[in-house]
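Trainee: I would like to go through this structure and ask what the terms rest on.
Mentor: Go ahead.

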Amino acid sequence: MRVMNLLKEKILGKNIKILFPEGHDIRIIEAAVQLKEENLLEPILMGERDEIEKAAKKGSFDISNIRIESHKQCQNIDDLAKAFFERRKGKVTLEEARDLVCKDSNLHGAMLVYTGIADGMVSGALHSTADTVRPALQVIKTNPNYSIVSGLMVMQKDDTAYFFADCGININPTAEQLAEIAAESYMTVKSYDCEPRIAMLSFSTNGSAKSEESEKVKKATQIVKEKYPYILVDGEMQFDAAIRPEVGELKFPGSPVAGKANTFIFPTLDAGNIGYKIAQRLGGFNAVGPILQGLNAPVNDLSRGCVPFDIYNLAIITASQALENGK
Amino acid sequence: MEIFRMLKKKIMGKDVKIIFPEGEEIRVIEAAVRLKREEIVDPILIGRREEIIKIAEASNFDISNIKVVSPDRYATTDKLVEIFFRKRNGKVTMEEAEKMVYNDPNLFGVLLVYTGLAEGMISGAVHSTADTVRPALQVIRTKPEYSIVSGLMVLQREDNVYFFADCGININPTAEQLAEIAVQSDELAKSYGFEPRIAMLSFSTNGSAKNEESEKVRKATQIVKEKYPHIMVDGEMQFDAAVRPEVGELKFPGSPVAGKANTFIFPTLDAGNIGYKIAQRLAGFEAVGPILQGLNAPVNDLSRGCVPEDIYNLTIITAHQVVAGGKSKGFVDPTEGMEPASADDDKVLDIKSFKEKLAKES
C-alpha cells in the first residue's frame, strides 16, 4: 500500500515509542517483533513479563530487545495515580485513581502517553472500542482546536487512495461536529502528502433536496469554508457528484471539489460505516483504520478480529501521527 | 444486464400498456419506438401530437404506430378531473383540479393508469422525483398493506446480483417503515426469481453498540420476523457481517442471513443513497433503479440525466411489475360511477390515422 510505504519512510529510525497495552497477545507480540526488527519504531509491550515471555516463546519470537512495562507492578504508580486524580478533577478519589491506573491496562497506557513515557498507543485486539477510547478521552483529551474525536479510514486500491470519515465514533454528528471531522481529516490526509479535496456527502447535491439532514451537511460545509478558507471543501453532494467529473460538472458546476474529491465526510456513522465496508468488501479496497484523529497524542483502536499485519500497519500510522504532533 | 433478458422474456408479447407523460422528450420517443418495435410493451405518449410528430421526424423516428394522448383531446379528461377532485377529498377545488389535470402531465398520466387506460407509468426525464411521485401517491396510492413507497436499486456485476433499499424516498424511516421497506423488497426480489436473504444494515452488529439508531434497526427486524415469519431476515448488522461468511459467522452466529445476504435494507436515505453509489462507482456494479415499490400500480422515476437505454430498461422493469402484480384492468372504485376508460377510445388517435386526417384537412 503506497500510503504505508510513505509513512514507513517518514518514521524509519526515529525511535518513536508506541505502547501496546495488550502485550501478552501473540498477534501483538508478532507485530512488535517485526516493527522493532525493521527499525520502524520502539514498541513497548505492557503486561506481566513472565506471561509475555511465555507467549513469545510459544510462538518462537525473540523479544529480548523489546521493552516491557508492567502496569500491575509499576514503580511510578503513585505518580501516575496522582496525575490521573488531578486530570479527572474530583471525578474520582485518589484511592480509586490508584486502583484504576493499576487495573485498567488501557488507562495505564494512556497515562504513560500523557506523561511522555510513550508517544502513542495501539490497543483493541482484546478490548472494545469504548474501553480503548474512553481512557484516551479522559486523560489525553482532544486537541484544543477540537471538541470531538473521529475515525478516518484509508481506502486504497492500486494507485488510488481515498479517505473516509467518520467511520467509527460519532453516531449522528451536528453540523459543527461534521465541520470538525472535515478539519481533522484535512490534517490527517495532509500528513500523508496528499492534497485533500473534501466532499461533504449527502443524499442530496447542492440543494437538490431540502431537508434537515441535507441542511446539516450544507451548514457544516459553510462552517469549514469560513473557519478554514484554505481547505478545499464542497457540499452537500452525492457520492457520484463527488467522484465522477461528468456528474460533478453537471450537478455542481464550478466546484473545485465535485468530480475529483479524495476525502469523503459522511453525514452519519451509519452511512460512514456501511459505506467504507461496501468499498472494502465489494470494491476490493484495502481498508486501514479507523485512525483516531483529534487527540493530543495518538491512540488507535484495533478490531478484535485483527491479524498481526493490521497491528503492524496501525502502529506505523500511530507513529506517523506522533511524528506529526512533534512527538 | 442478465436480469433484463429474464424480465423481457416474461413481458414479451403481453402488450403491457405503459404511459410516458414526457412524450415530447426525444429520449422518451426514441425509447418508445424501440420498445414498440421489439414488441416489449405498448407505449402511450402524453403530449401535443403535432409537436411529438415534429420532434420524432426531426430525428427520423417513425412513430406511426405509437399511441399519443393529450388532455385537450382525450374524450374523458373531464371525468378524470372529477375523479381527481373527489380523490383529493376537499384539498383542492373543482377549478384547481381542472387546471392541474390539464396542465400536469404526470397527474394526467396517473389518472390514466388509475382508470385503466395504462397499467404503469414512467416519468422523470424532465421532472423532479417529487413531481413524478407526488401524483402517484395522491391518485394511485400505496397498496393497502403498506403506508409508504420506497425505492429499490438492483446492483449487478457478473453473476452477483444485490438489492439495495431504500435508495431514493424515505429520509429517515421509522422502525415500522424500515420493516415495510424490507417486506416490499422481499416481494420485488422474489418476483425477479431470487430467494431474498435480507440484512437490516447498521453500524452495529447484533447489539455490539447500544443506541437509538441501532435499536431502530433491531426493532424493524423484529417487526418483519413477527409479521412475516416466512421472510429470511436478520439484523441489525454491519455490511461485512451481512456479506462475508467468515465475519457473519463470527459476529452473528446461527443467523440464516449473516454472511450470505443478497438484499440490504439501509437505516437512512443518506446511507442507502451513498452506499449504492459507492458500489456503483468504486466497485463497478451496474445500477438500475430506484424501482418504486409499494404502489397499487407501478410508477417509476427516471433520473434527469437518463439516456434512451435507461428509459428502455426502466420500462421493462415497470412492465414486469405490472405482470408480476397481476395485470389489472384499472382499479376505479365502482361507487365512483366510472367505467375504466378504453384505449380504443376514438380520441386516443394513433399517429397514422391522425396524419391521414391532417392530410385530408389540408
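**Domains and chains in contact**

Trainee: How many salt bridges are there between domain 1 of chain A and domain 2 of chain A?
Mentor: The count is 1 salt bridge. This is a predicted model, where local features need pLDDT of at least 70 and side-chain atom pairs count only at pLDDT 80 or more, while totals for chains, interfaces and linings use all residues. Residues are numbered from 1 along each chain as its sequence is written, chains are lettered from A and ligands numbered from 1 in the order in which they are written, and side-chain values use heavy atoms, with hydrogens and water left out.

Trainee: What makes Asp193(A) and Lys10(A) a salt bridge?
Mentor: A salt bridge needs a side-chain nitrogen of Lys or Arg within 4 Å of a carboxyl oxygen of Asp or Glu. The closest N and O atoms of Asp193(A) and Lys10(A) are 3.2 Å apart, so the pair meets the rule.

Trainee: What area is buried between chain A and chain B?
Mentor: About 2,900 Å², with 70% of it on carbon and sulfur atoms. Buried area is the accessible area (1.4 Å probe) that two parts lose on being put together, summed over both, so the value covers both chains. Asp270(A), Arg281(A) and Leu282(A) supply 25% of the area that chain A buries against chain B, more than any other three residues.

Trainee: Why is the pair Asp240(A) and Lys277(B) called a salt bridge?
Mentor: The N to O distance is 2.8 Å, which is within the limit already given, so the name applies. Across the interface of chain A and chain B, the rule finds 4 salt bridges.

Trainee: Which element of chain A gives the largest share of the side that touches chain B?
Mentor: H12(A), with 10 residues. Helix H12 spans 269-281; a helix here is a DSSP run (H or I) of at least four residues, numbered from the N terminus.

Definitions and conventions: Helix = DSSP H or I, 4+ residues; strand = E, 2+ residues; numbered from the N terminus.
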